[in-house]
Amino acid sequence: GYQAKTISNVRINADLTIGLDFKLAAEGIQVGTVEVVAEKPLVNKYNTNANRITTSEDIDALPIRGVDNILATTPGVILQDNQIFIRGGRQDEVGFYLEGSNITDPMVGGRQVTLVQDALEEISVQSGGYTAEYGNANSGIIRQQIKSGTPDWKFSLEYITDNINFSGSDDRYSGEKNWADAYWYGYNESIITLSGPIFTPQVKFFGLFNYNFVNDQTPQSLPGINLGLIGDPVSGDTLDIIYPAGARPNSWLENYTGTGSFTFDFNPAIIRLIGTYTSASAPNPWSSARNLTQIGNYLNTGRTEMVETEDGAANLKLTYLFSGNSFLEFNGGYAF
């Protein structure tokens with residue numbers, strides 16, 4: 001970025017150092033755009049333990065939905081009965097963390113907070129070798145990070161359904177297949193995201209709203225049965241028992257989830273605030289308190305109990321950068 005300068009007639013004596021003082025004139029240089037594309041290494045040599053990281057780009061490319069289903073694609077991770085197990089350990093031997101705060105269910109283990117995959121920036125699974133920072137987890141650690149706001153405003157809307165026949169609510173349990181020779185299990189999901197700066201580029205926001213409704217929480221390949229009229233010779237009463245194929249009646253699930261993050265990047269001070277909340281409701285005709293088997297529970301529609309649950313988490317992280325290699329961080333979270 002400076003012009004060339006030549007100084008002549010300078011005598012250099014043997015074994016002596018000569019000093020020259022001069023100024024260089026600045027010269028403007030224009031170059032084209034330089035784009036550097038880094039290639040992801042096959043093996044990260046800085047990993048000192050078994051650590052598998054799934055980024056938001058990986059999540060978007062996977063043909064599955066659900067955080068637990070994504071975790072199940074990781075070697076050493078098993079999804080059974082809607083619970084995560086790592087390296088053969090028990091359910092309560094897996095530690096779940098959100099933004100550095102523990103969200104493990106203290107009673108029975110497992111993740112205490114419902115998370116939507118579209119809200120996650122990264123999922124990290126460590127199956128051994130983690131530091132003493134993470135305790136009470138013998139088989140593995142699962143860390144999750146919420147997405148941050150973008151420099152420019154972005155909005156997305158997505159709707160997913162298996163109702164390819166445009167059937168109505170009266171046809172949920174008809175037991176009939178659609179034109180693709182498949183049953184309608186009533187999967188309907190809506191995802192809305194919004195992210196961008198607020199008043200200044202140093203303050204960024206990310207928000208997600210998710211609505212999900214399914215006719216059957218655990219779809220099974222039930223063929224359905226039709227026993228026809230069954231009569232009682234004493235009373236003369238008859239009962240027409242038909243159990244439809246496809247989605248099980250009285251097994252629907254409805255939930256709402258809202259997730260958001262605020263990032264205040266006032267270098268050298270950085271403040272990050274995240275929160276998530278989920279409300280779910282579902283019937284429970286298969287309660288062990290009055291289990292009448294599949295057929296009996298299906299016919300016992302007038303005495304179905306309802307189960308309503310809610311969970312959520314909030315996290316506050318304060319970071320102060322003293323220099324390039326030293327910083328102070330405070331992290332606090334609450335989950336229910």
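**View 1. Pairing of strands β10 and β13 around Gly207 in the predicted model.** Gly207 has Gly260 of β13 as its bridge partner, and β10 and β13 pair in the antiparallel sense over 12 bridges; two strands are taken to pair if DSSP finds at least two bridges between them, and the elements themselves are DSSP runs numbered from the N terminus, helices being H or I of at least four residues and strands E of at least two. This is a predicted model, in which local features need pLDDT of at least 70 and side-chain atom pairs count only at pLDDT 80 or more, whereas totals for chains, interfaces and linings use all residues. Residues are numbered from 1 along each chain as its sequence is written, and side-chain values use heavy atoms, with hydrogens and water left out.

**View 2. The open sheet of 7 strands.** The strands follow the order β8-β9-β10-β13-β14-β15-β16 with antiparallel pairing, and the edge strands, each pairing on one side only, are β8 (154–161) and β16 (326–335). From one strand to the next the twist averages 5 degrees, where axes are lines fitted to C-alpha atoms, for helices over the stretch in contact, and angles run from 0 to 180 degrees between N-to-C directions.

View 3. Val214 counts as buried because its relative accessibility is 8%, buried meaning under 20% relative accessible area, exposed over 50% and partly exposed in between, with a 1.4 Å probe and protein chains only. Leaving aside residues up to four places away in sequence, Val214 touches Tyr185, Gly186, Tyr187, Trp252 and Leu253, a contact being heavy atoms within 4.5 Å. The C-alpha atoms of Val214 and Thr161 are separated by 9.5 Å, although these residues are 53 residues apart along the chain.

View 4. Of the 50 residues that line the pocket, Asp68, Asn82, Thr114, Leu253 and Asn255 are the closest to its centre. Elements that give two or more residues to the lining are α2 (67–71), β3 (83–86), β10 (200–214), β13 (253–266), β14 (269–283) and β15 (306–323), and the largest share, 5 residues, comes from β14. On a 1 Å grid over the protein atoms alone, a cavity is a set of points where a 1.4 Å probe fits but cannot get out, whereas a pocket is an open set with protein on both sides within 12 Å along at least five of seven lines, and lining residues have an atom within 4 Å of a point.

**View 5. The hairpin of β2 and β3.** Strand β2 (residues 77–80) is joined to β3 by 4 bridges and the two run antiparallel, with Val77 having Ile86 of β3 as its bridge partner. There are 2 residues between the strands of this hairpin, and Asp81 in the turn has a positive phi of about 55 degrees. Asp81 is exposed, with a relative accessible area of 65%.

**View 6. The cis peptide bond between Asn267 and Pro268.** Omega of this bond is about 15 degrees, and Pro268 lies in the loop between β13 and β14. Most residues other than glycine have a negative phi, and most peptide bonds are trans.
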